[in-house]
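Hi,

Here is the structure I promised to pass on. Have a look at it first, and then read my notes below.

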Amino acid sequence: MPDISVAIASDHAGYEQKRQIVAWMLLLGVDIHDLGPYDDSSVDYPDYAALVAYEVSEKIADRGVLICGTGIGMAMTANKFSGVRAANVTTPEFAKLAREHNDANVITLSGRFVDLETNKQILKSFFSTPFGKGRHTGRVDKITAIEQDLRETGSTSSFIRKSKPSKGKVSDGI
Ligand code: RB5
């Protein structure tokens, strides 16, 4: 595992896998911040997604890992934070692509539908794959530009005015 700091959290549905993943990552020597929860009582996933997303957004941690039932609610919440690119991943191949193409800095995992061993393979892939740069850089920069627009103007309209996507028509078969 590379020398990076990782913030991790879950909800009750991801708690057991989070516990095992924290122990595994500690054995691997990863600098890991376990932001909870610390038992399997029912909690609301946005509260824990926010703790990890905040650390990544503020550059307190290099990467984030979030585990809930599906990973979906964690991704939705984390992606509200500036500079966070959270990907909900269920296979090692998608973890690789989320790094190579999207420079994902947070990964969200399913504790109910993906087994622990697969999630470990996903994490290995997520931590060992570099951003591909090249043609992907401008695309990721556009995600950042949308965020910046929203932050500076309270709306995304200037991004829409500036971007010139080819819109296509239903009749083009797009
Ligand atoms: C909890 O039941 C479940 O809704 C949560 O873990 C997660 O899957 C939400 O996206």
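In which sense do strand β3 and β5 pair, and over how many bridges? Strand β3 (residues 63–68) and β5 pair in the parallel sense, over five bridges. For strands to pair, DSSP has to find at least two bridges between them. The names come from DSSP runs too: helices are H or I runs of at least four residues, strands are E runs of at least two, and both are numbered from the N terminus.

Before you go further, two notes on the source. Residues are numbered from 1 along each chain as its sequence is written. The model is predicted, so to speak of local features we need pLDDT of at least 70, and side-chain atom pairs count only at pLDDT 80 or more, while totals for chains, interfaces and linings use all residues.

Now back to β5 (residues 106–110). Because five of its five residues are buried, β5 is largely enclosed by the rest of the structure. (Buried is 20 or more other C-beta atoms within 10 Å of the residue's own, exposed is 12 or fewer, partly exposed is in between, and C-beta atoms are placed from the backbone.) In a regular strand the side chains alternate between the two faces of the sheet. Here V106, T108 and S110 point one way from β5, while I107 and L109 point the other way.

β5 has another parallel partner: strand β4 (residues 86–88) is joined to β5 by three bridges, and A87 has I107 as its bridge partner there. To get from β4 to β5 the chain goes through helix α4 (residues 92–100), a right-handed β-α-β crossover. (Right-handed: with the strands pointing away from you, the path from the first strand over the helix to the second runs clockwise.)

Not counting residues up to four places away in sequence, L66 touches A9, S10, A49, V52, M74, A78, V106 and T108. (Touching, or contact, is C-beta atoms within 7 Å, again placed from the backbone.) L66 is also among the residues with the most contacts inside the largest nonpolar core, which has 39 residues. Helix α2 (residues 45–57) gives the largest share of this core, six residues. (A nonpolar core is a set of buried Ala, Val, Leu, Ile, Met, Phe, Trp, Tyr and Cys residues joined through C-beta atoms within 7 Å.)

Elsewhere, strand β1 (residues 5–10) and strand β2 (residues 31–34) run parallel and are joined by four bridges. Helix α1 (residues 15–27) carries the chain from β1 to β2, and this crossover is right-handed as well.

- The peptide bond from G36 to P37 is cis, with omega near -5 degrees; P37 is in the loop between β2 and α2.
- D103, in the loop between α4 and β5, has a positive phi of about 50 degrees although it is not a glycine. D103 counts as buried because it has 20 C-beta neighbours inside 10 Å.
- K133, in the loop between α5 (116–128) and α6 (135–153), has a positive phi of about 55 degrees, and it is not a glycine either. With 10 C-beta neighbours inside 10 Å, K133 counts as exposed.

Note on methods. Two residues are in contact if their C-beta atoms, placed from the backbone, lie within 7 Å.
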